[in-house]
Amino acid sequence: MTDITTTTAAPSTLRLASWVVPVALGCAGVAIQAQAYLNHDVAWVLLSSERLLNGGVFGRDIVAANPPLIWWISAIPMGLARLTGLTPLLTFNFFMAAMLSLSLIASDRLLRSQLEATGRVAFLGVAAFLLSLGAGRDFGQREHMTAIMAMPYLLLVLRRTRGEDAGRPFAIAVGTAAALGFAFKPHLLAVPVVAELFLLSRIGFSRTVRRPELSAALITVLAYVAAMLLAARPYLFEAAPKIAEVYWAFNKPDLAGLAQNAVASFTALLLAALLLVARRWPAHATLFTIAAAGFMVAAILQWKAYTYHLYPVYVYALLAVTFLGLTAGMARYAAVCAVTYFAVMSVASLQDRLPGGGTGGERAAMVDFVNAHTPDGGRFLALSTHPFPGFPTALYTHASWASRSNSRIYLPAVVRLKFGGDTGSAALRSAIANERAATLRDLATLPGLVLADVKQFRHAILDIPFDYVAFYNEDAAFRALWAKYGEVPGAPEGYRAYVLREVSP
């Protein structure tokens, strides 16, 4: 098995540049990302994390299918916003830039004995691009954070295969960060499993299990589980069981969309695998390709047409190709072509998400409409199975979000069971009861504006014809509240809008 090693000592200025240049590139990429609208999921988590800072309880004041770790982490930039008076959007981007910078600096330290300074600049420069601007619309998602936090861990695994130490405090920090990234979802554990098996095959069981970073990772995961039992019991024992009964309705992706989103990741992974065979399996590229395959397993296990599930696959496949490209030959040309392709695609994605782009224009129109139909400090709500139009809208308006969830969680199951002819089942009755109870609780706050999704093709229910308002109006309690609302014209395309016209004392 061939490998890449340092052959000459680099001048101090070049050693400094090996991390300064990538960090500068990464921060520039984050700054460019900040010009586009934030992802809807990321915006929801960021804004709703403030409820926890206000004493709210996860599982009651925030109702979501996902476990609380990402909310607890997002509370850091939200807390900084409250302390400094800066906007949450600005502190979040600073937070992401800091996370990426620390990852790049740690990675540079781990690569010093294995790559010359110029090689580190090249490799970490590509990593900085892929982990900032290259994240595209998935910037700030959990998989994006995982991809950032996993890189030092994988490079530390490579050092262990060479019998090199990294210092106990440093190893503990790397293991803790990696554990937080992989703990976002159980599916992501596929990555450390394959990485640990890779290490086990090279240094044996005893040396593998006695690493400080592994101990730190295990302690971090156990501490997270304990924290959930202490601070998120309503999520574990109330919200999660109810959502689990209906979440199958979200696991029916548009297969055409899934295939389209998977092409880039499968292509990058295949390219890395083919070059590995040609270059006789160098350790760096082999481990990064294995990590990409682990992320692919995690994406398949989730089985949705979501781009962020597949994002880490092409990141680590391209980093494997970049490693191979440092050894010259055809791999170098393949690396240049692949990274250039993803650079072009990232720029195109950014343009789409800017206020003047397709997606960005839709976001801007919704922000303007909500601002025009809600007072300062008002609230708005949406009857939708997708986080938009609620998010990222709520991050950019003067109105706040009126619901405990980012969308109507139980509604896809209601629609699919009704459409499937299962009109009398206990599952349908339970889904209807839970959905109406959740919607009534949100509507009882009397938000100033309610938006209803009337698009022909809607998230999770695809093209099934279903009138949301008519469904809710079957309930007398909803009708009594809905009588206080009147429809207003001019809503963005695909939506109907209703404003509060009467408030009881």
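Start by selecting Ser265, which lies in helix α11, residues 255-278 (helices are DSSP runs of H or I, at least four residues, and strands are E runs of at least two, numbered from the N terminus). Before you zoom in: this is a predicted model, where local features need pLDDT of at least 70, side-chain atom pairs count only at pLDDT 80 or more, and totals for chains, interfaces and linings use all residues. Residues are numbered from 1 along each chain as its sequence is written, and side-chain values use heavy atoms, with hydrogens and water left out.

Ser265 is buried, at a relative accessible area of 1% (buried means under 20%, with a 1.4 Å probe and protein chains only). Show its surroundings: beyond the neighbours within four places in sequence, Ser265 is in contact with Met296, Leu310, Val313 and Tyr314 (contact means heavy atoms within 4.5 Å). Now pick the backbone oxygen of Leu310, 3.0 Å from a polar atom of the Ser265 side chain.

Next, select α8 (190-209) and α12 (283-302), which pack at about 150° with axes 8 Å apart. That makes α8 roughly antiparallel to α12 (the cut-off is over 145 degrees). Colour the contact: on α8, look for Ala190, Val191, Val194, Ala195 and Phe198, and on α12 for residues including Leu287, Ile290 and Phe295.

Last stop: Ser407, in the loop between β2 (400-401) and α17 (411-419). Ser407 is buried too, with a relative accessible area of 6%. Setting aside residues up to four places away in sequence, Ser407 touches Ser384, Thr385, His386 and Pro387.

Conventions: Axes fitted to C-alpha atoms, helices over the stretch in contact; angles between N-to-C directions. Parallel < 35°, antiparallel > 145°, perpendicular 65-115°, else oblique. Buried < 20%, exposed > 50% of the residue type's maximum accessible area, 1.4 Å probe, protein only. Polar contact = N/O pair within 3.5 Å; in protein donor to acceptor, adjacent residues only side chain to side chain.
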